[in-house]
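Please look at the sequence and the model shown here, and keep them at hand while reading the report that follows.

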Amino acid sequence: MSVKKVVKVGASRFLGRRRGRGFPRQSIPQAELDLFGKQILSRPEYLDTNFMCEAYRSLGWEVLPDPFDPGIPARVKSALETATPFSIVRIGDGEANILAFEAYADAPHIDRHAFEETVAGQSDTCTLDELWMTVLKEMMENAVATADVVGVLGLWVAGDGAGDAGRFQRHFLRDPRGMAGQWRGRDLMLRWARERSFNAAVLASAHLYLGVLAQLEELADSAREVVCISDRAAAVAALRARFPEKPVTHLPVGGARGRRGGRQGRPDFLLRTREALPVDLRGRLCLVGAGPWAKIYCGWIKRRGGVAVDLGSGFDLLEGKLTRSIHKELPQELLNRLSSMAV
């Protein structure tokens with residue numbers, strides 16, 4: 001029996017037997033892991049930032065790979081000053097794991113496992129079955145498709161811009177969730193670009209939040225109000241102290257986390273956040289740090305006239321915490337400026 005047939009038969013049996021009960025690492029057939037590993041080795045160019053930038057440009061996209069490119073905060077500032085609805089979203093490994101659901105026929109177990117593990121790791125989490133996987137994927141697809149700037153993986157990395165496919169494959173076998181998302185984030189977004197599935201005017205680095213932070217004072221000055229959707233209360237307090245003349249509103253998230261592996265119920269936290277959003281967000285700068293759910297919130301903010309920026313771990317930096325390896329590579333001047341905000 002061929003590898004493809006093994007995967008297909010295994011998937012139908014597995015999904016019929018375990019529907020609604022979870023998708024653990026142990027359920028992934030070895031044949032599926034091997035096939036995914038071969039795909040990684042077959043496209044080493046995905047780990048070359050020059051290749052990725054040119055691949056998008058050759059398809060007609062404006063590409064801003066430098067996370068500190070002034071063009072991104074300039075667009076945010078213009079949208080604030082003209083009260084134009086606007087959103088920036090970023091596709092990291094977690095978002096890619098959600099968007100990849102049922103997008104690849106040859107890796108159903110890997111993709112479901114990666115989706116479930118991604119959601120389980122969030123501060124707002126829920127129980128998943130295939131219906132909710134479909135609903136959440138489609139909600140995220142809509143938010144990404146209608147964004148004005150989309151940050152994607154593979155355009156920029158600290159260092160020389162090239163990666164090792166063999167090492168990537170070995171890391172994938174140790175951590176299918178994270179590395180599947182890293183790979184899907186490159187392959188799936190290139191597919192979207194070919195299919196013109198973005199409305200975005202610009203594709204940028206997934207680390208673009210760094211450049212937004214570097215210009216945060218100027219952006220806040222152009223906003224009628226700053227709205228923070230985050231579980232980082234200390235970061236919001238830092239912004240209030242930094243901008244005493246500017247209204248800074250906090251919409252807290254992160255309260256729907258149950259015991260890992262337990263049954264947390266439906267994703268009602270999405271509805272609670274939607275209901276907490278002001279109806280009219282025109283001229284408001286909305287900074288969103290909510291993991292993969294940030295994309296959905298950014299879509300709703302734009303629909304209500306606001307300017308949404310998926311800030312992600314930028315909230316950690318506002319608290320003076322270096323929670324990502326890339327944070328340790330940041331210019332000291334920026335770290336000094338951010339630490340002066342932290343309280």
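Predicted model: local features only at pLDDT ≥ 70, side-chain atom pairs only at ≥ 80, totals over all residues.

Because Arg177 belongs to helix α9 (residues 176-194) and Asp93 to helix α5 (residues 93-99), the pair ties together parts that are 84 residues apart in sequence.

## Other salt bridges

Over the whole structure, a search finds 21 salt bridges. One of them joins the side chains of Glu62 and Arg75, with 3.2 Å from N to O. Glu62 lies in strand β1 (residues 62-64) and Arg75 in helix α4 (residues 71-81), so this contact ties together parts that are 13 residues apart in sequence. Glu62 is partly exposed, with a relative accessible area of 36%, and Arg75 also counts as partly exposed, at 28% relative accessibility.

The closest N and O atoms of Lys295 and Asp310 are 2.7 Å apart. This pair links distant parts of the chain, with Lys295 in helix α14 (residues 293-303) and Asp310 in strand β8 (residues 307-310), 15 residues apart. Lys295 and Asp310 also belong to a network of salt bridges that includes Arg90 and Glu95. As a general point, side chains of opposite charge can pair when their charged atoms come close.

## The sheet

Eight strands, in the order β1-β4-β3-β2-β8-β7-β5-β6, form an open sheet, and the pairing within this sheet is parallel. Since β1 and β6 stand at the edges and each has a single partner strand, one side of each is left without a neighbour in the sheet. On average, and with direction ignored, neighbouring strands of the sheet are turned by 20° against each other.

The pairing of strand β5 (residues 225-230) with strand β6 (residues 248-252) can be followed residue by residue: these two strands pair in the parallel sense over 5 bridges. Cys228 has His250 in β6 as its bridge partner, while Val227 stands opposite Thr249, which is also in β6. How does the chain cross from β5 to β6, and which hand does the crossover have? The path runs from β5 through helix α12 (residues 233-242) to β6, and this β-α-β crossover is right-handed.

## Aromatic rings and charges over rings

The count of aromatic pairs in the model comes to 8. Among them, Phe101 and Phe115 form an edge-to-face pair, with 5.8 Å from centre to centre and 85° between the planes. Elsewhere, Tyr46, Phe168 and Trp183 form one aromatic cluster.

## Two residues with positive phi

Most residues other than glycine have a negative phi, which gives a background for reading the next two cases. Ala83 has a phi near 55°, a positive value in a residue other than glycine. Ala83 has its place in the loop between α4 and β2 (86-90), and at 34% relative accessibility it counts as partly exposed.

The second case is Glu102, whose phi is near 60°, again a positive value in a residue other than glycine. Glu102 is found in the loop between α5 and α6 (108-120). At 51% relative accessibility, Glu102 counts as exposed, the cut-off for that term being over 50%.

How values were computed:
Residues numbered from 1 in each chain as written. Heavy atoms only, no water. Salt bridge = Lys/Arg side-chain N within 4 Å of Asp/Glu carboxyl O. Helix = DSSP H or I, 4+ residues; strand = E, 2+ residues; numbered from the N terminus. Buried < 20%, exposed > 50% of the residue type's maximum accessible area, 1.4 Å probe, protein only. Pairing = 2+ DSSP bridges. Right-handed = clockwise from strand over helix to strand, strands pointing away. Phe/Tyr/Trp six-rings, centres within 6.5 Å; stacked < 30°, edge-to-face > 60°. Axes fitted to C-alpha atoms, helices over the stretch in contact; angles between N-to-C directions.
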